[in-house]
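Me: I want to learn how to read a model like this one, feature by feature. Can we go through it together?

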Amino acid sequence: MFGRDPKPVQDPWTCQSSPDPDTGASSVIAEEGVKRGLKNRHLSMMALAGIIGPGLLVGSGGALSSGGPASLLIGFSIVGMIAWSIMQSLGEITTLYPGGGAFISLAERFVDKAFAVSVGWSYWFIWVCVLANEYNVISSICVFWSDKVPLWGYFLIFWFVFLAFQMLGVEAFGEAEFWLAWIKLLGLTAYFIFSIFYASGGLIGQDEALGFRYWRDPGPWNMNGFRGVAQVFVFCSTFYAGVESVAVAATECKNPGVAVPQAIRQVFFRIIFIYMGSAFFFGLSCPANADGLINGGSRALQSPMTIAIQNAGWEGGVQLINTFIFLTVLSAVNSSIYIGSRTILYLAKSGGAPRFLSYTNRRGVPVYAIILTNLVGSISQMNNSVGGAAAYSYIVNLSGVSTFLVWASISFIHIRFRNAWKIQGRSLSELPFKSLWYPWIAYFGLAANIFLALVQGWTTLSPFEAGLFVDAYILLPLFGIIFVIFKLVNKTHYWRLAEIDLVSGRRRDLDKMGREQVLDDEAGYASKKPASWKRMWKDL
């Protein structure tokens, strides 16, 4: 149909057939239909700064107002530890099984197909919620710049622009994310430096040092106590959502055996520098009781960055922050469509979604999955009826509880994998990437996420608010309903540990080349393993 038939070659990691790279449809994986077009540097920058957008830069203002600077630090720290535990679990299993579907296919392999469908739809729901919020933000920023075009008009413009860009293929996505991630890292670094000068009294025209003034007034908890801490957890789960997305992108990475372990390790630096750095410097430079955090005239005006710059005497700084947030939204929308479309693609491939969504063109682009994901993002237009702040609150609650459910599922999958590995008599030396502190870290991730999923909406109980209560907890029973209905209709099987397939889809290069040689080649090690600080410096 498209000229000469491509010569089949084998994927070096899973031994799946794929077209010859010389045919123009290079590295299209026959089973998944997607293309291995992401380079190691693309995946590395996605791990460091991918997905980060107005959720962190703007949404942290609501978290700071709800709980104060101490709650912000506590929330980011605890959820950061949970996120790191999830990445350790994910790194171990996805490095060994780098095939399509990431943890969705792994849930089917190690637990039950019905469980995989529940996890997949929950994960897709995270990204359509994030996408809706990002469309809301980018349209609001443009209205702030010029209200000659209505908000829905800007939404339609961006909707078609991002749809067209996604059709270019994974190489364009990866390259755009690489450079936008650099912009985000440089922008946050500049703000951190500004905060240090501001706190130490080093700005031009500054009369006295700011110090930790806002920790004393309005105080570390902003007079909200533990209730404020609990509210911050929901915000933080939304901010951290996406750290696990490297597993989804690994399917389209040219060298997953090298790129995935490296990206997993780099998530630690993302947690420390971006999330903990933002929590500390936002609380240091912006008062938690600032009226602009809740009642700002635009999305940018609700950012702690904007308020800090204005308090420092630079009124025109709002335009600078608007521009920075606009650039981060480009990345967030781009990534949300990509991850959401790949998630629904894998569900369709495995029978968990309508089959037509599994279609991919010759370039490896899942056309219908992209259109559906982008189309559902139009719920951002509820902003026109309920207001931007209310719309943002609803979306944060929904995506937050979905994140806890998906993360708990990843920990559970890891526990099932390790138990099956042991029962079937396999050695840990066969694993190309081993999770630190197993089993404690996996059980910690499972327990912490279940606990937070259950308590994240307790503030809606007193005083009881029916709408917010439903918004906070509706996805918990929905997860179970999807599982039960799919299991009853399709009569799926819950795998016993001895029945779990540990062979198919596994990296065959480990068997062919020799495990030790492969591990040394991937990590770039010589015959002697480098010291920990050298490996950390290499990652940095």
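Me: How many residues does helix α5 have, and what span does it reach from its first C-alpha to its last?

Reply: First, the ground rules. This is a predicted model, where local features need pLDDT of at least 70, side-chain atom pairs count only at pLDDT 80 or more, and totals for chains, interfaces and linings use all residues. Residues are numbered from 1 along each chain as its sequence is written, and side-chain values use heavy atoms, with hydrogens and water left out. Helices (H or I, at least four residues) and strands (E, at least two) are DSSP runs, numbered from the N terminus. The expected span of a helix is 1.5 Å times one less than its number of residues. Now the case: α5 covers residues 113-145 and has 33 residues. Its reach is 48 Å, close to the 48 Å expected at 1.5 Å a residue.

Me: What caps the N-terminal end of α5?

Reply: D112 does. One of its side-chain oxygens lies 2.8 Å from the backbone nitrogen of A114.

Me: Why is α5 described as largely enclosed by the rest of the structure?

Reply: Start with the cut-offs. Buried means under 20% relative accessible area, exposed over 50%, partly exposed in between (1.4 Å probe, protein chains only). In α5, 27 of the 33 residues are buried, so the helix is largely enclosed. For the protein, 58% of the 540 residues count as buried.

Me: Which residues touch the most other members of the largest nonpolar core?

Reply: A nonpolar core is a set of buried Ala, Val, Leu, Ile, Met, Phe, Trp, Tyr and Cys residues joined through side-chain atoms within 4.5 Å. The largest one here has 146 residues, and F76, F103 and Y135 touch the most other members. Helix α5 supplies the largest share of this core, 15 residues.

Me: What is F76 in contact with, leaving aside its neighbours within four places in sequence?

Reply: Contact means heavy atoms within 4.5 Å. By that test, F76 meets L56, C236, F239, Y240, Y275, M276 and A279. On the scale of the protein, take the contacts with a separation of 6 or more: residues 24 or more positions apart account for 79% of them.

Me: How many aromatic pairs does a search of the whole structure find?

Reply: A pair of aromatic rings is described by the distance of the centres and the angle of the planes. Rings of Phe, Tyr and Trp (its six-membered ring) pair if their centres lie within 6.5 Å; planes under 30 degrees apart count as stacked, over 60 as edge-to-face and the rest as tilted. The search finds 33 pairs. Ring pairs also build a cluster from Y135, W145, F155, F158, F162 and F326.

Me: Where do charged ends sit over rings, for instance that of R41?

Reply: The test needs NZ of Lys or CZ of Arg within 6 Å of the ring centre and within 35 degrees of the ring normal. The charged end of R41 sits over the ring of F178, 4.6 Å from its centre. For R426, the ring belongs to W421, and the distance to its centre is 5.4 Å.

Me: Is H42 buried or exposed?

Reply: Buried, at 2% relative accessibility. H42 belongs to helix α1 (residues 40-49). A polar contact is a pair of N or O atoms within 3.5 Å; within protein, one must be able to donate a hydrogen and the other to accept it, and residues adjacent in sequence count only if both atoms are side-chain atoms. The side chain of H42 makes one with the side chain of E175, at 2.8 Å. Not counting residues up to four places away in sequence, H42 touches G37, G174, E175 and F178.

Me: What does the side chain of S303 reach?

Reply: The backbone oxygen of L57, at 2.8 Å. S303 lies in the loop between α12 (292-295) and α13 (304-311), and is buried, with a relative accessible area of 0%.

Me: Which residues does a cis peptide bond join, with omega of about 10 degrees?

Reply: Y438 and P439. P439 is in the loop between α17 (388-423) and α18 (440-455), and counts as partly exposed at 28%. Another cis bond joins D217 and P218, with omega about 20 degrees.
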